Amino acid sequence: MTVFFIGAGPGAADLLTVRADRLIRSCPVCLYAGSIVPPEVLENCPDSASVINTARIPLDQITDIMAQAHAQGKDVARLQSGDPSIYSAVAEQVRRLTALGIDYEIIPGVPAFSAAAAALGHELTVPTVGQTVILTRVNGRASQMPAGENLATLGASKSTLCIHLAAHDIERVVAELVPNYGADCPVAVVAYASRPQEQIVRGTLADIAGKVAAAGIVRTAIIIVGKVLTAGEFPDSFLYSDDRPRDEEGRTIPCAH
């Protein structure tokens with residue numbers, strides 16, 4: 001018996017990985033976290049499967065359900081939104097399963113920031129403009145940020161920021177970023193990326209808060225900040241350069257230093 005922590009992706013059922021889909025179709029127990037996992041993702045659960053919404057169930061009770069499945073020899077599909085490596089609360093669950101001697105496996109999924117970038121039609125790393133992406137969030141009821149991981153500190157690098165779980169606090173986000181990025185820095189907010197109700201709001205740090213408020217976006221959104229969003233003039237990647245030394249299979253030949 002194994003508990004599979006499955007990255008259910010940003011919402012669109014056809015963004016599930018093949019492995020994720022196979023496990024959803026085969027596991028006799030499926031646990032999902034309410035509305036953050038759309039109904040379409042659950043459509044392929046076996047007719048006989050026990051499908052449980054855990055949105056209002058305490059973690060220890062969720063663990064009990066997994067332990068009961070383990071005692072019955074039943075695999076569990078534990079659906080996590082996006083990718084389990086980012087803000088999925090998998091660590092707390094894994095800690096409990098390890099203590100109980102229950103096997104688990106993590107199945108990667110499409111993360112929300114990737115779906116947001118795709119919706120915008122942008123690469124988040126552009127030659128000479130931005131080569132670093134920081135995934136972060138802000139203080140909230142769910143969890144406090146560690147010391148030194150505030151937006152003012154992270155923004156000092158002027159890297160591209162993908163800010164999760166912060167649309168409700170967009171004014172504070174803007175206030176903390178303007179000193180480093182400037183009021184004219186481009187910003188995009190993508191809510192419900194890949195879903196039918198997807199919303200995209202573009203602007204700058206000067207006007208994005210008002211636009212987000214007008215759009216009524218308060219949750220299930222990614223805030224992306226950085227010059228890569230409007231980059232137009234930049235050199236082609238070295239990947240496509242005629243000067244790039246290649247071997248017979250087209251791989252870059254490392255230069256001697």
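Which strand do five bridges join to β1? That partner is β4 (residues 76-80), and the two strands run parallel. Keep in mind that this is a predicted model, where local features need pLDDT of at least 70, side-chain atom pairs count only at pLDDT 80 or more, and totals for chains, interfaces and linings use all residues. Residues are numbered from 1 along each chain as its sequence is written, and side-chain values use heavy atoms, with hydrogens and water left out.

- Strands here are DSSP runs of E with at least two residues, helices are runs of H or I with at least four, and both are numbered from the N terminus.
- Two strands count as paired if DSSP finds at least two bridges between them.
- On the β4 side, V3 stands opposite V76.
- β1 is also joined by four bridges to β5 (residues 104-107), again running parallel.
- In that pairing, I6 sits opposite I107 of β5.

**How covered β1 is**

- Five of the five residues in β1 (residues 3-7) are buried, meaning under 20% relative accessible area with a 1.4 Å probe, protein chains only.
- V3, F5 and G7 are buried on one side of β1, and F4 and I6 are buried on the other.

**A look at S159**

- You'll find S159 in the loop between α6 (151-154) and β7 (160-164).
- S159 is buried, with a relative accessible area of 10%.
- Its side chain makes a polar contact with the side chain of S157 at 2.9 Å; such a contact is a pair of N or O atoms within 3.5 Å, and within protein one must be able to donate a hydrogen and the other to accept it, while residues adjacent in sequence count only if both atoms are side-chain atoms.
- Leaving aside neighbours within four places in sequence, S159 is in contact (heavy atoms within 4.5 Å) with T132, I134, Y181 and V225.

Note on methods:
Buried means under 20% relative accessible area, exposed over 50%, partly exposed in between (1.4 Å probe, protein chains only).
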